[in-house]
Amino acid sequence: MRHVVANLATYLIATLLLLGAVAFAWGRSAQLEISTEEAVWDQYQSNEENAFPWFKAGAASYVSNCANCHGRDGRGWDQYPALEQTSRVFQAPGGRDYLIDVHLYGLTSSRWRAPMPAMGHMQDPELAAVMNHVLVSFGNKKYLENTVRFVRPQDIRARRGAKLKPHEVNEERPSLGLVGRRD
């Protein structure tokens, strides 16, 4: 009888552990919303005219999400590219969508040894802000046309849900036609 009770206790404990693991995995796999777009907007809300300070928010987000790989100065290093040509890629036909997709879905490419991770966890206003920050920083401003329309949260929202793979994003990259250089 003692073995039956021990076996039942063992099976009960194993079942409880399995159920706990399933519940934990289910909770982790659900899209937990850490913040909302409203919270991001409120964090950077200005008292003057209630204008969103895009470049302040973008600079802060760049330091938090991008500087580890691309460097604080945007020069990149080793397998991570410099960001000085970003505005040229952005203005090329299809470049706006390509750069938004790079941030939402990540990128794998033979040009660089390290893949870029997807930044789809960022809220649309924050992602737009960091992309706009890069467009006017790191030497990009000299390539930027005066008529360029910056990235807006609705531009990013429109590209979400495409469920692209990082190698599919690489196929979207517009050619800059730079002779003798990696574009």
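Predicted model: local features only at pLDDT ≥ 70, side-chain atom pairs only at ≥ 80, totals over all residues.
**Core and aromatic pairs**

The largest nonpolar core has 27 residues, and those that touch the most other members are Tyr62, Tyr98, Leu127, Val130, Met131, Val151 and Ile156. Helix H5 (86–91), helix H6 (95–105) and H7 are the elements that give two or more residues to this core. In soluble globular proteins, nonpolar side chains tend to be buried together. Beyond its neighbours within four places in sequence, Val130 is in contact with Gly58, Ser61, Tyr62, Cys66 and Met122.

A pair of aromatic rings is described by the distance of the centres and the angle of the planes. The structure holds two such aromatic pairs. In one, the ring centres of Tyr62 and Phe138 are 5.0 Å apart and the planes lie at 40°, so the pair is tilted. This pair links distant parts of the chain, with Tyr62 in helix H3 (residues 54–65) and Phe138 in the loop between helix H7 (124–135) and helix H8 (153–159), 76 residues apart. Both Tyr62 and Phe138 are buried. The rings of Trp77 and Tyr80 form a tilted pair too, with centres 5.1 Å apart and planes at 55°. Here Trp77 is partly exposed, at a relative accessible area of 45%, whereas Tyr80 is buried, at 19%.

Cys69, in helix H4 (residues 67–70), is in contact with Gly76, Trp77 and Tyr80 when neighbours within four places in sequence are left aside. Cys69 counts as partly exposed, with 27% relative accessibility. The C-alpha atoms of Cys69 and Met116 are 9.0 Å apart, while the two residues are 47 apart in sequence.

**Salt bridges**

The structure holds nine salt bridges. Three of them are listed here.

| Arg75 | Asp73 | 3.4 Å |

Arg157 lies in helix H8 and Asp124 in helix H7, so their pair ties together parts that are 33 residues apart in sequence. Arg160 is in the loop between H8 and H9, and its pair with Asp124 in helix H7 links parts of the chain 36 residues apart. Asp124 counts as buried because its relative accessibility is 3%, under the 20% limit. Its two partners are partly exposed: Arg157 has a relative accessible area of 44%, and Arg160 has 31% relative accessibility.

In the bridge between Asp73 and Arg75, Asp73 is partly exposed, at 39% relative accessible area, and Arg75 is exposed, at 66%. Elsewhere, a network of salt bridges links Arg96, Arg149, Arg152 and Asp155.

**Backbone angles**

Most residues other than glycine have a negative phi. Phe138, which is not a glycine, has a positive phi of about 60°. This residue of the loop between H7 and H8 is buried, with a relative accessible area of 19%. Lys163 likewise is not a glycine and has a positive phi, of about 50°. Lys163 sits in the loop between H8 and helix H9 (166–172) and is exposed, with a relative accessible area of 68%.

**Surface patch**

Met1, Val4, Val5 and Leu8 make a nonpolar surface patch of about 450 Å². Of these, Val5 belongs to helix H1 (residues 2–29) and is partly exposed, with a relative accessible area of 48%.

Terms used: Residues numbered from 1 in each chain as written. Heavy atoms only, no water. Patch = residues over 30% accessible without salt bridge, like charges linked within 9 Å, V, L, I, M, F, W, Y side chains within 5 Å. Areas by Shrake-Rupley, 256 points an atom, 1.4 Å probe, with all protein chains shown as cover. Salt bridge = Lys/Arg side-chain N within 4 Å of Asp/Glu carboxyl O. Helix = DSSP H or I, 4+ residues; strand = E, 2+ residues; numbered from the N terminus. Buried < 20%, exposed > 50% of the residue type's maximum accessible area, 1.4 Å probe, protein only. Phe/Tyr/Trp six-rings, centres within 6.5 Å; stacked < 30°, edge-to-face > 60°. Core = buried A, V, L, I, M, F, W, Y, C linked by side-chain atoms within 4.5 Å. Contact = heavy atoms within 4.5 Å.
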